[in-house]
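Work through the exercises below with the structure in view. Each task is followed by a solution in steps.

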Amino acid sequence: MPPTARVLRDIKARHGVNANEILRRAYLYVARNQTLPAQVRFQAQLQLNTFGRYTRPTTVKNRCTESGRGRGVIGEFGLTRYQFRLKALANELPGVHKASW
């Protein structure tokens, strides 16, 4: 199954966040530091505003690696509930099997 536009957008956002994380955190620290002069903090805030949309960590969303769905994702496996169930029943996930007691 080819990746959807949402999956491609999420991949782009992940790369952007990873590439700019250190610089963004440095500017955020300076902008929020109350002990620094207001002019320095203002300049840091202006620099933060120049970053693109896909450099913000909030744009990254957990998505299923199989279907690209954004809801019901089990983070440890990176799969939605349904895909997790299908793979577990097919014994494709090591150490996971259907419980019966």
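A surface patch is made of residues with over 30% relative accessible area and no salt bridge, and like charges are joined within 9 Å. The model used here is predicted.

**Exercise 1.** Name the residues that form the positive surface patch.

Solution. Lys and Arg count as positive. The patch is formed by Arg 6, Arg 9, Lys 12, Arg 53 and Arg 56. One of these, Lys 12, lies in helix H1, which covers residues 5–32.

**Exercise 2.** Describe the salt bridge between Arg 14 and Asp 10.

Solution. Step 1: the side chains meet at 3.0 Å, N to O. Step 2: both residues are in helix H1, and because they are 4 residues apart, about one helical turn separates them. Step 3: buried means under 20% relative accessible area. Asp 10, at 8%, is therefore buried, whereas Arg 14 is partly exposed at 34%.

**Exercise 3.** Which residues are linked with Lys 87 in a network of salt bridges?

Solution. Step 1: Lys 87 and Glu 92 meet in a salt bridge at 3.0 Å, N to O. Step 2: the network links Glu 66, Lys 87 and Glu 92. Step 3: Lys 87 is buried at 18%, while Glu 92 is partly exposed at 49%.

Note on methods
Residues are numbered from 1 along each chain as its sequence is written. This is a predicted model: local features need pLDDT of at least 70, side-chain atom pairs count only at pLDDT 80 or more; totals for chains, interfaces and linings use all residues. Side-chain values use heavy atoms; hydrogens and water are left out. Patches are made of residues with over 30% relative accessible area and no salt bridge: like charges are joined within 9 Å, nonpolar side chains (Val, Leu, Ile, Met, Phe, Trp, Tyr) within 5 Å. Accessible areas come from the Shrake-Rupley method with a 1.4 Å probe; for residues, only the protein chains shown count as cover. A salt bridge is a side-chain nitrogen of Lys or Arg within 4 Å of a carboxyl oxygen of Asp or Glu. The place of a charge is taken as NZ of Lys, CZ of Arg, CG of Asp or CD of Glu. Helices (H or I, at least four residues) and strands (E, at least two) are DSSP runs, numbered from the N terminus. Buried means under 20% relative accessible area, exposed over 50%, partly exposed in between (1.4 Å probe, protein chains only).
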